[in-house]
Structures are given as structure tokens and as C-alpha cells.
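Biologist: Could we go through this model together? I would like to begin with the strand that you flagged.

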Amino acid sequence: MHATQELEELAESLGAPIVKALLGKAAVPDDSSYTTGGIGLLGTEPSQDAVEGCDTLLMVGTSFPYIEFLAEPGSIKCVQIDIDPQRISLRHPADAGLVGDARNTLRALLPLVEKHDKTFLEKAQKAKAEWQKLMEERGTRSDKLMKPQVVGWELGKRIPSNAIVTSDSGTITTWWARYVPALRGQKHSCSGNLATMACGLPYAIAAAVAYPERPVYCIIGDGGLSMLLGELITVATYKLNIKIIVIKNNTLGQIKWEQMVFLGNPEYACDLSPADFVIQPDRKRDACLPELTGWKGSSLSEQTVLMSPDGEAGCGSNIAIAADSSEQKRISACVGSKSRLQNALQKKPF
Ligand SMILES: Cc1ncc(C[n+]2csc(CCOP(=O)(O)OP(=O)(O)O)c2C)c(N)n1
Ligand SMILES: [Mg+2]
């Protein structure tokens, strides 16, 4: 994470694109001309093409575990830099293993590297531009049952460059991984190897405590938030500078798709109770959890809700709940539109 400049300099010398494991999303900003974005299930096509087309793989500070996305052992050369010697050759046999801090090792390597021509990098850059067009197309759709990609795309335009962004495990991870670009200066994280649900909010709390001067954005599913709903009290108690964006699709979306696509089973027990995470001020009713935790909501029809801690609007904590259709399944209670989302996000202090 602290070797961005060195990675970019090396990419320039080698004429090589940088592909990022998900936990390394912020290692190089997505608008850098040297990166083609992520690799793996939630990665990008240009990154996969680059990995498949390369003759040498330089792995820096990663234990990226999904080896099926890497080349066959023996078919390419591999150089690996890692601070932990036990990680050398862990995922792919390394022809040369360099044990040390990523930045220091890259700095030592840089003067030794010969300049390569840029054909391979330029090909990857063209492929990245094509991929970006596809992301834009999917991120700017105007379906009345709003696509979750639209939420990611709109957030990506608004999250400031000093923000810390956390996400969770589910289809939500895809919308964050692909549609919310890492800007230079931002930090991004999610649960990596264990893919543990409900990490998004506690990670956000940890980030807000560790970096009180930085805004924190938590992009989470309704399933993940439900599992640790009580932590809203922690956020309200300590007035943490966290904005929570919930993709509310009333389902454990990831599992629904795994059951159907990978396991071939009929969908079973994936639906969530359609929880109303906010109290809407125009609706009089008994105290509900947001009220008890000190959050106040303002609603844009049934679709998007922003919340701030009661009486503390200036504190900058909000919840935006974006209902969506989980792409395939139509959920009648969750009709949304892109323009409503845009209106919601324009509200201060988001
Ligand atoms: C602690 C834990 N329990 C269960 C799972 C399995 N799991 C992975 S994603 C997921 C569903 C996530 O649902 P939600 O947060 O609503 O996100 P969505 O997939 O709908 O975007 C589940 C149950 C897990 N990864 N971790
Ligand atoms: Mg869900």
C-alpha cells in the first residue's frame, strides 16, 4: 500500500500493466494509466487478459489465493517480492524470490531494470478503455428497478479522495470492486480470503476510530448489516464519521446466485425479511431501531433514504439505503430510479 509510486515507476520501465488483488485495490489508483484494475472473480477482463498474455509475472506483497486466475506453473517466469519468506512460491512457483518490504525492494530494483517497449502496456490500456465503457454503460442504466451497479457508479463519482471505504461479502462486493474506483489517497478494504459477512461495519468503525479526521464509507448489503445491526449504536454513541450505504435487495443475493449457478439447486432460504432500516420522519409510528440508536432518516419515496444521527446532522454520519432488484429478481417494494438516487446523493453532507 505504501509502494504506489515505485509500482508505477516500475510499470513504466517494464511497459507492464499492474493488476490488483482485491485487498490491494487502493495500492494503485484506478485512474492510473498503469493499472487495468482487479484480478479474480470480481476483477476486470483487461487484467485477466494481461495475466494470460504475459511472459513474466512480478508478484508484489500478495498472497492472492485464487490460482486458477494465474498462468499454469512453468508456462511463464515469476518473480515474487514478499516480506514473509514463507509466502514465496506459495501460490505460483517463483523463479526468483525477493524477501523484503515492497517499497524498499522495488526501490532497489528500479535502477537495475532495463527499459522495455510499451506494446504490451498499450494493448492493456486500450482493453481497459473498452472495459471502462462497459462499466459506464452498466453504471448509467436507467431501469426503474435500479441496478446496484448504478449505486456503485454514482458513489464512485462522489466519495472524496481522503476517504476510507469498506465493503462486505456478497454481491455487494462486486459493485464496490468494479464500480467504485479507488482514488489516489483513498484506502479500501473488505474481508479477503475468508469472505466473512458483516465485516463492513466493524471495519468502518475501526477506520473511523483510527483516522477520525477522514470520512469513512461503508458499502454493505442488507444481510451483512442485519448481522451486526447493533453496531449502529456504537457509531451513534461515539459519533463516528461514517456513512453507510446499504444495497437493500431483501435477499442474501450472493447465496441465491451460488445456489442457482454453481450448485444447480433451486433457490432455497435466501430471502430476507424486507427490513426498514430507517424511520421516516413523515411516518408516525412506534420507536424503531434507528430512532433508538439516534439516527434520523429522510426519505425519497420508497427508494432511497439518508439518515443522520438525531440532532447531529453536522456530524456527517449518514445512511443511504438504496433499494434494488438484485439484477434478476424483481422486488415490487423496491422501485427505484437513477435520478432519485442522484437527488439523494446530492443532499449535504454526502
Ligand atoms: C459469516 C458469514 N456467514 C455466511 C456467509 C455466506 N455468505 C456469503 S455472501 C452471503 C449473502 C450476503 O447477503 P447481503 O449482505 O444481503 O449481500 P448481497 O449478496 O445481497 O449483495 C452469505 C450468506 C459468509 N460469507 N460469512
Ligand atoms: Mg442483500
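This is a predicted model: local features need pLDDT of at least 70, side-chain atom pairs count only at pLDDT 80 or more; totals for chains, interfaces and linings use all residues.

Biologist: Which residues point which way from E8?

Modeller: Val-216, Cys-218 and Ile-220 point one way, while Tyr-217, Ile-219 and Gly-221 point the other way. All of them are buried.

Biologist: Which strands pair with E8, and in what sense?

Modeller: Strand E6 (residues 164-167) is joined to E8 by four bridges, and the two run parallel. E8 also pairs with strand E9 (residues 242-248) in the parallel sense, over six bridges.

Biologist: What stands opposite Cys-218, and what is the bridge partner of Gly-221?

Modeller: Thr-166 stands opposite Cys-218. For Gly-221, the bridge partner in E9 is Ile-247.

Biologist: What else does Cys-218 touch?

Modeller: Leaving aside residues up to four places away in sequence, Cys-218 touches Thr-166, Gly-200, Leu-201, Ala-204, Ile-242, Ile-244 and Ile-245.

Biologist: Turning to the largest nonpolar core, how many residues has it, and which have the most contacts inside it?

Modeller: The core has 68 residues, and those with the most contacts inside it are Leu-7, Ala-204, Val-216, Cys-218 and Ile-219. Its largest share, six residues, comes from helix H7 (residues 200-210). The core draws at least three residues from each of domain 1 (4-127) and domain 2 (140-347). In soluble globular proteins, nonpolar side chains tend to be buried together.

Biologist: Which residues of H7 are buried, and what covers them?

Modeller: Gly-200, Leu-201, Tyr-203, Ala-204, Ile-205, Ala-207 and Ala-208 are buried in H7. The cover over the buried residues of H7 includes E6, strand E7 (187-189), E8, helix H8 (222-227), helix H9 (231-237) and E9.

Biologist: A change of topic: what is the order of strands in the open sheet of three?

Modeller: The order is E3-E4-E5, with parallel pairing. Strand E3 (56-60) and strand E5 (96-99) stand at the edges with a single partner strand each, so one side of each has no neighbour in the sheet. On average, neighbouring strands of this sheet are turned by 10 degrees against each other, direction ignored.

Biologist: How many bridges join E4 to E5, and what stands opposite Val-79?

Modeller: Four bridges join strand E4 (residues 77-82) to E5, and these strands run parallel. Opposite Val-79 stands Ala-96 in E5.

Key. Residues are numbered from 1 along each chain as its sequence is written. Chains are lettered from A and ligands numbered from 1 in the order in which they are written. A nonpolar core is a set of buried Ala, Val, Leu, Ile, Met, Phe, Trp, Tyr and Cys residues joined through C-beta atoms within 7 Å. A residue is buried if 20 or more other C-beta atoms lie within 10 Å of its own, exposed if 12 or fewer, and partly exposed in between; C-beta atoms are placed from the backbone. Domain bounds come from an automatic or database domain assignment. Two residues are in contact if their C-beta atoms, placed from the backbone, lie within 7 Å. Two strands pair if DSSP finds at least two bridges between them. Axes are lines fitted to C-alpha atoms, for helices over the stretch in contact, and angles run from 0 to 180 degrees between N-to-C directions.
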